[in-house]
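I opened this entry to keep track of what I looked up, in the order I looked it up.

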Amino acid sequence: MFRLRNFLVLKNCKFYSTDKKLIDLKTDEKTRISTLSLQKSPVNSLSTPFLAELGNIFDELETSKSTKGLIVTSNIPNIYSAGLDLMEFYQTDEKRLEAFWTTLQNTWLKIYTTSFPTVAVINGHAVAGGCLLAMSCEYRVMAGPNYTIGLNEAKIGINAPFWFIDVMKTLIGDRKTESAVLSGEMFPAEKALSIGLVDKVVQNVPDALNEANTYLQNAISLIPDSRAIMKRDCRRDVVEKFLKGRKEELKFIVGNVLLPQNQERFKVYFESMKKKK
Amino acid sequence: MFRLRNFLVLKNCKFYSTDKKLIDLKTDEKTRISTLSLQKSPVNSLSTPFLAELGNIFDELETSKSTKGLIVTSNIPNIYSAGLDLMEFYQTDEKRLEAFWTTLQNTWLKIYTTSFPTVAVINGHAVAGGCLLAMSCEYRVMAGPNYTIGLNEAKIGINAPFWFIDVMKTLIGDRKTESAVLSGEMFPAEKALSIGLVDKVVQNVPDALNEANTYLQNAISLIPDSRAIMKRDCRRDVVEKFLKGRKEELKFIVGNVLLPQNQERFKVYFESMKKKK
Amino acid sequence: MFRLRNFLVLKNCKFYSTDKKLIDLKTDEKTRISTLSLQKSPVNSLSTPFLAELGNIFDELETSKSTKGLIVTSNIPNIYSAGLDLMEFYQTDEKRLEAFWTTLQNTWLKIYTTSFPTVAVINGHAVAGGCLLAMSCEYRVMAGPNYTIGLNEAKIGINAPFWFIDVMKTLIGDRKTESAVLSGEMFPAEKALSIGLVDKVVQNVPDALNEANTYLQNAISLIPDSRAIMKRDCRRDVVEKFLKGRKEELKFIVGNVLLPQNQERFKVYFESMKKKK
């Protein structure tokens with residue numbers, strides 16, 4: 001129900017129209033396996049319109065039942081996604097912030113609760129919100145030994161939302177999650193594999209796509225309804241806690257981001273970024 | 001309190017009388033360790049009367065305080081239990097389904113919350129509901145390297161109830177549980193051991209019974225009250241979520257099983273089974 | 001809010017004045033890292049006044065923002081802490097018991113929810129409540145291979161409170177926690193390391209302090225606010241369940257401890273202790 005309502009809100013905000021195609025979606029007609037590729041230069045940062053478009057695609061895939069399984073990957077070399085677009089936090093106002101955060105919440109929920117199987121082919125660094133995107137799929141293949149993945153918010157000066165943390169807990173347990181988020185550590189591929197943050201590390205993208213297809217073909221061979229019900233039940237605790245806490249979080253985030261000291265921190269951050277260029 | 005009420009419900013349904021002894025119970029007079037052996041041909045499938053009898057035995061053991069520790073095993077070669085009796089799902093009606101599911105829920109709760117220590121001696125394949133039975137004991141010994149254990153519902157076209165999933169999560173964690181139920185994998189003994197789904201694998205039943213007795217004798221040497229309170233606290237989250245969700249689940253299961261497409265699926269299943277014979 | 005109220009209650013009870021200094025607190029002026037050393041002979045047992053003093057120190061550290069990171073250790077050779085002072089359970093009354101348990105609850109919450117990073121340098125056995133103290137820090141270094149740590153309540157005849165169990169679950173998972181508390185096992189250093197109950201084992205105290213300082217300096221280098229918010233979110237489930245259950249637990253504990261059979265058990269225990277001397 002919340003989906004429909006949010007959909008309408010987004011429609012009114014006219015987030016649908018984007019000037020160029022930020023996301024490529026292809027479906028193999030034979031296997032009915034789809035591949036969604038993020039291609040928003042320079043680093044697939046998750047802005048309001050990008051997240052809205054991503055959410056729309058997941059809505060369409062869910063409603064049309066046009067796909068039997070989905071690969072989520074990137075068309076940008078060496079970057080899976082750099083995470084939330086920090087520009088959305090800076091020199092903004094309450095209304096824009098609310099739209100941003102609500103879109104993030106809605107889109108994540110769609111990704112996390114698909115009835116069809118999903119695989120992240122992580123063909124670049126997966127940072128913060130980019131790590132969340134990968135973590136929300138059912139299976140994670142790292143398409144190269146030199147990529148890193150993690151929630152590094154403590155190094156940036158924002159906080160990973162509670163549901164980022166809860167999703168990570170389901171993958172690597174409470175202790176390793178606390179350690180990871182309180183250190184802001186980005187895990188190299190092999191380390192990520194050893195703690196369970198990814199499921200497989202291969203040498204290149206073609207091998208990763210093979211892995212992903214194997215996973216999806218096995219998933220597709222099972223009874224879809226049974227699978228979807230059990231996926232819902234597996235993820236129910238995280239989802240219910242999120243639904244219960246999302247409003248309070250929205251309020252907290254909006255208030256916190258607009259604090260003068262935090263705006264100042266973003267200012268310093270963006271000025272240091274400019275100098276790097 | 002819920003126990004008493006359910007007891008009365010079952011009484012009225014006259015599930016107590018079974019034509020032959022489906023479960024054997026022996027208690028060693030010296031050690032006060034009991035052994036409960038399932039012996040319902042051909043595969044210890046969990047039907048309404050079988051589950052009711054099992055629940056009654058757990059009630060009696062709990063009330064009479066006649067046992068200090070319990071081994072749960074099978075008298076059927078190579079089968080621990082094949083899980084829920086699928087016949088209970090086919091060509092049935094609302095009332096019978098409700099009785100079946102309520103009996104399953106009640107009996108499981110009794111097994112999961114015993115004040116005395118329990119060990120599963122898994123001397124055969126433990127499939128779906130059979131896996132749940134083993135998972136609900138305190139300690140699991142696999143009595144042979146060739147047996148398998150798992151929740152394979154996704155291959156059958158039913159769904160493992162949420163509390164099957166929650167119990168598995170307490171043993172092997174959230175990630176491995178999602179992977180296990182979404183693939184329907186049956187784990188060979190050594191693999192089950194490596195992920196923590198069983199605690200020990202030995203070569204044969206006598207070795208398994210030795211292991212079980214060692215576990216129980218150590219447990220019995222501790223203060224029973226302290227142990228029982230802490231066991232309740234260890235399992236409290238799973239039990240409270242179950243109690244909160246059991247009614248809604250009952251309603252969902254009854255509605256879902258009686259859907260024409262699912263009845264058709266069971267029909268196909270049973271006809272394919274007949275052909276195999 | 002609960003903190004303030006409890007603070008006032010404690011004030012009225014005059015738990016603040018203690019005859020000798022039971023806890024030593026030093027802060028390095030350069031690094032702003034503090035070291036809190038328990039030194040209550042003979043075994044750092046956690047009595048009402050000792051817990052109250054410990055809680056006060058944590059209050060002051062939190063309020064004054066005088067520390068950037070805290071090491072929690074012992075000044076008693078070979079003993080980190082033997083846990084709750086069992087004398088508080090014996091020949092007592094409802095009012096004293098309530099004060100004891102409330103102080104324990106309050107002090108633990110303060111330790112568990114510090115905004116600053118904490119490390120346990122475990123330079124001796126950490127038994128029951130002493131294990132909880134170590135488990136509640138962010139990072140645990142065992143300062144010698146011969147020390148042990150665990151919740152051994154099942155051997156003593158009391159029960160580890162549900163939140164001791166919940167904290168342990170966050171460190172070593174549900175299955176290992178149930179196994180640990182139902183066996184009352186004290187884990188030697190290397191075993192504790194292998195299951196994740198401690199994070200590091202070194203040969204001696206200086207090495208342990210080095211480890212602790214390294215952890216804290218890294219933690220301090222991150223954004224304190226982001227870190228504190230995420231620590232709160234990491235520990236939120238345990239804290240919320242504790243807050244919801246603490247009153248009922250208080251009532252249960254008071255009733256249970258004062259049962260004649262349990263008072264008799266304590267009597268036997270203390271008389272056997274006297275004979276040992």
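Predicted model: local features only at pLDDT ≥ 70, side-chain atom pairs only at ≥ 80, totals over all residues.

Entry 1, overall form. I looked up the element count for chain A and found 10 helices and 10 strands. I then checked the radius of gyration of chain A, which is 18 Å, close to the 19 Å that the globule rule gives for 277 residues, so chain A is as compact as a globular protein of that length. Along the principal axes, I read a span of about 55 × 40 × 35 Å for the C-alpha trace of chain A. Of the 277 residues in this chain, 51% count as buried. I also looked at contacts in chain A between residues at least 6 apart in sequence, and 76% of them join residues at least 24 apart.

Entry 2, the sheet. I traced an open sheet of four strands in chain A, with the order β4-β6-β8-β9 and mixed pairing. Which strands stand at the edges? They are β4 (78-81) and β9 (187-188) of chain A; each has a single partner strand, so one side of each is left without a neighbour in the sheet. For β4(A), I looked up the pairing with β6 (residues 124-127) of chain A: the two strands run parallel and are joined by three bridges. I picked out one residue, Ser81(A), whose bridge partner in β6(A) is Ala126(A).

The crossing of α6(A) past α9(A) is right-handed. I listed residues at this contact: on α6(A) they include Phe162(A), Trp163(A) and Asp166(A), and on α9(A) they include Val238(A), Lys241(A) and Phe242(A).

I found 18 residues of chain B in contact with 17 residues of chain A. Which elements give two or more residues to the side of chain B that touches chain A? I found α5 (153-156) and α6 (162-183) of chain B. The most comes from α6(B), with 10 residues on that side.

How values were computed:
Residues numbered from 1 in each chain as written. Chains lettered and ligands numbered in written order. Pairing = 2+ DSSP bridges. Rg over C-alpha atoms; globule rule 2.2 N^0.38 Å. Buried ≥ 20, exposed ≤ 12 C-beta atoms within 10 Å, placed from the backbone. Contact = placed C-beta atoms within 7 Å. Left-handed = near helix turned anticlockwise from the far one by under 90°.
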